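Please look through the structure below, together with its sequence, before reading on.

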Amino acid sequence: MQVVIRLIVALIFGANLGALTALWFGGLISGGPTIGKAIDINGWRSDWSIGSKNANPYVRARVARNGLLAMRKEEAVYFTKTEDDAGERLREACTYRVSGDTYPAEWWSITLYDAQNYLPKNDDGRLSYDQTAADSFYAGGPWNFLVSPSAPSDPSAPWVSSRAGGQFDIMLRLYQPNGDLLDDPTTTLFPPRVERVSCDGETS
Amino acid sequence: MRLIVPAIAFVLSAVLGHYFVLNGIPGFIMGKAHQTFEAEGIPPNTWVASPRQTPETQQIVRPSPDLAYAICRFDTTTGPVFISAPAGERYGSLSIFDDQTDNVFVADLGPGSSFTGIEVRRPAENTSAGALTLDGRGIALIRRLAPSQDAHDRATSLVSDAVCNPIG
């Protein structure tokens with residue numbers, strides 16, 4: 001009888017451990033590791049197997065949880081940044097300057113998401129910044145915008161609102177990336193810089 | 001010795017639990033997405049334009065507020081489906097996703113696109129050259145560049161010319 005009880009207990013604990021580790025590695029429990037051929041360029045992270053049949057089950061689970069209906073790399077690539085260039089977690093209490101130039105793709109956009117992978121629940125109407133806005137404001141040259149929880153003092157300054165974003169991330173989407181980027185992303189892409197300007201009123 | 005059998009059972013059940021849960025996540029989440037779209041009143045085999053993506057209107061994770069979306073749910077178990085969409089004035093794409101969240105097809109809908117449509121059939125029925133094989137439920141998604149309300153309105157107006165119909 002004791003043997004049977006031990007066996008049942010072992011099966012229950014084993015199955016639960018297996019399920020929990022699957023949820024953790026698959027990204028359904030926050031903080032799990034990333035498994036796959038991840039690309040990391042100055043803290044901007046991506047994976048070229050997103051959306052494809054070649055994705056391993058860990059990547060596929062993470063995409064299902066964090067980026068459902070993502071396209072494969074020939075159509076769009078996605079880079080996510082969770083920390084500023086100094087390695088500090090992006091958070092609502094701080095103001096950041098995001099700056100960049102042109103990218104090897106048809107069109108780009110940068111969007112802010114909260115920790116639950118949704119647009120932050122604010123009514124500022126400043127959810128993203130994109131190539132169209134940059135071309136219009138900066139005439140196709142280098143660009144920058146602020147990420148902050150309130151509008152900048154200069155009403156004409158480009159900005160994205162982090163209000164109600166908590167600990168957030170920003171996602172760079174590159175649509176119809178060119179072949180060089182897909183072949184050799186680390187030497188082809190010079191991703192946006194994310195500089196912390198101030199936190200809670202203190203200039204860094 | 002008396003602990004060997006339970007130890008083996010523990011390891012085996014952990015491996016199997018890990019495998020089945022991990023591989024069940026995409027299908028489970030895609031099933032929830034189908035339920036969400038159905039609850040939102042999106043019928044099968046019909047293109048439905050989404051409102052401009054805002055914190056109030058977002059339905060799935062990480063929507064892009066710069067794009068105009070339209071969605072069609074379909075199921076090849078009830079027969080093959082023909083899917084098409086017209087080209088637009090700027091960047092656009094039509095993508096098809098299977099029940100495991102894989103992006104199994106993409107067509108360019110930008111200016112000058114030559115895309116005329118795609119048949120989607122079950123594997124056993126896929127006798128048509130150029131047809132896409134997909135077994136069961138799928139989601140077709142149109143994305144069009146629409147960084148302004150005007151651009152979004154123009155992109156939405158193209159949805160009436162898109163097709164997502166059963167064949168035959």
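Chain A contains five helices and 11 strands, where helices (H or I, at least four residues) and strands (E, at least two) are DSSP runs, numbered from the N terminus. This is a predicted model, in which local features need pLDDT of at least 70 and side-chain atom pairs count only at pLDDT 80 or more, while totals for chains, interfaces and linings use all residues. Residues are numbered from 1 along each chain as its sequence is written, and chains are lettered from A and ligands numbered from 1 in the order in which they are written.

**The two chains**

- The C-alpha trace of chain A spans about 80 × 40 × 30 Å along its principal axes, and that of chain B spans about 75 × 45 × 30 Å.
- In chain A, 39% of the 204 residues are buried, and in chain B 42% of the 168 residues count as buried; a residue is buried if 20 or more other C-beta atoms lie within 10 Å of its own, exposed if 12 or fewer, and partly exposed in between, with C-beta atoms placed from the backbone.
- Chain B has two helices and nine strands, which follow one another from the N terminus as α-β-β-β-β-β-β-β-β-α-β.
- Chain B has a radius of gyration of 20 Å, whereas a compact globule of 168 residues would have one near 15 Å; the radius is taken over C-alpha atoms, and the globule rule is 2.2 Å times the number of residues to the power 0.38.
- Among contacts in chain A between residues at least 6 apart in sequence, 65% join residues at least 24 apart; two residues are in contact if their C-beta atoms, placed from the backbone, lie within 7 Å.

**Where the chains touch**

- The contact between the chains takes 55 residues from chain A and 44 residues from chain B.
- On the side of chain B that touches chain A, α1 (4-39), β4 (92-97), β5 (103-108) and β8 (137-145) of chain B each supply at least two residues, and α1(B) gives the most, with 20 residues.
- That side of chain B divides into 28 nonpolar, 12 polar and four charged residues; Ala, Val, Leu, Ile, Met, Phe, Trp, Tyr, Cys and Pro count as nonpolar, Asp, Glu, Lys and Arg as charged, and the others, Gly among them, as polar.

**Nonpolar cores**

- A nonpolar core is a set of buried Ala, Val, Leu, Ile, Met, Phe, Trp, Tyr and Cys residues joined through C-beta atoms within 7 Å.
- The largest nonpolar core has 82 residues, of which A140(B), A162(B) and C164(B) touch the most other members.
- Apart from that core lies another, of five residues, among them A15(A), A9(B), F10(B) and A14(B).

**Strands of chain B**

- Eight of the nine residues of strand β2 (residues 67-75) of chain B are buried, so this strand is largely enclosed by the rest of the structure.
- Nine bridges join β2(B) to β8(B), and these strands run antiparallel; A70(B) stands opposite I142(B) in β8(B).
- An open sheet of mixed pairing is formed by four strands of chain B in the order β7-β6-β3-β9, where two strands pair if DSSP finds at least two bridges between them.
- At the edges of this sheet stand β7 (132-133) and β9 (163-166) of chain B, each with a single partner strand, so one side of each is left without a neighbour in the sheet.
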